[in-house]
Every structure is written in structure tokens, then in C-alpha cells.
Amino acid sequence: MVHVINSRIWVSRTIQIVILIGLLHIASASSGDISELRGFISSFDDPKMTVQDLAFYLVTHNYDASPRDGYAELRLDGESYRLVPNGKAPGLCNISH
């Protein structure tokens, strides 16, 4: 009986550790370069996306972004980029330096 309880505790702790490692990996997985970001934003379309929506979307995907007047400012690798939602055009936004 004690062996069964210890096995269950071991399995439970192992699952918790695996989940924690996964969450830490996701939390630290921000993009490293602009080409990766371009691929990320080109894979989705949203004609109704606003500047606030775009900044929120980027932040929820571990990018350092904030809404500004007419664009979302993205800080990546020490550089600042302007991302403007592009409406009905393919992708989520246009990127300029």
C-alpha cells in the first residue's frame, strides 16, 4: 500500500515538473529576430485588427510591444519597429524600421 502511494506521489511530482518546465519554456520563447516575426505575422489575417489589438496580440506572444498613435511599437533585439495593421491585405500588419 505504501509503495502504491509513493508511486502516485512520484508520478504526480514528475507531471508537475514537466508542466513547469513547459511553462518556463513558453514564457522565455520570445522571437530572436525580425525574420521570425515576419513569418509569425504573415501566417494570420484579421481585417478588423486595431493598433491596440495588434499590440496585445504581440505581448501575449512574448514580444515587447505597445500601442502608439496609429501603430504598435515593437522593441526587438535593441531595435524599434513600427507595426501598422494592414486591414484587408494579407498578414496582420506592415513592418517598418
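This dialogue walks through a predicted model of one protein.

Reader: How many helices and strands does the protein have, and what pattern do they follow along the sequence?

Author: The model shows three helices and four strands.

Reader: What share of the residues count as buried?

Author: The protein has 97 residues, and 27% of them count as buried. The accessible surface comes to about 6,800 Å². Carbon and sulfur atoms account for 61% of that surface.

Reader: Which residues in the largest nonpolar core touch the most other members?

Author: The general idea comes before the case. In soluble globular proteins, nonpolar side chains tend to be buried together. Here the largest nonpolar core has 19 residues, and those touching the most other members are Leu37, Leu54, Leu58, Leu74 and Leu83. At least two residues of this core come from each of α2 (34-42), α3 (51-60), β2 (72-76), β3 and β4. The largest share, five residues, is supplied by α3.

Reader: What is Leu58 in contact with, leaving aside its neighbours within four places in sequence?

Author: With those neighbours set aside, Leu58 is in contact with Leu37, Phe40, Tyr63, Ala65 and Leu83. Two of these partners, Leu37 and Leu83, are also named among the core residues that touch the most other members.

Reader: Where does Gly91 lie, and is Gly91 buried or exposed?

Author: Gly91 sits in the loop between β3 and β4. Buried means under 20% relative accessible area. Gly91 has a relative accessible area of 4%, so Gly91 is buried.

Reader: What does Gly91 touch, not counting residues up to four places away in sequence?

Author: Beyond that range, Gly91 touches Ile41, Ser42, Phe44, Asp45, Asp46 and Asn86. Take Asp45 as one case: Gly91 and Asp45 are 46 residues apart in sequence, yet 4.7 Å apart in space, C-alpha to C-alpha. For the protein as a whole, consider contacts between residues at least 6 apart in sequence: 41% of these join residues at least 24 apart.

Reader: Where is the place of Asn86, and why does Asn86 count as buried?

Author: Asn86 is in the loop between β3 (79-85) and β4 (93-96). Asn86 counts as buried because its relative accessibility is 11%, and the cut-off is under 20%.

Reader: Which residues does Asn86 touch, not counting those up to four places away in sequence?

Author: Asn86 touches Gly91, Leu92, Cys93 and Asn94.

Note on methods
Residues numbered from 1 in each chain as written. Predicted model: local features only at pLDDT ≥ 70, side-chain atom pairs only at ≥ 80, totals over all residues. Heavy atoms only, no water. Buried < 20%, exposed > 50% of the residue type's maximum accessible area, 1.4 Å probe, protein only. Contact = heavy atoms within 4.5 Å. Core = buried A, V, L, I, M, F, W, Y, C linked by side-chain atoms within 4.5 Å. Areas by Shrake-Rupley, 256 points an atom, 1.4 Å probe, with all protein chains shown as cover.
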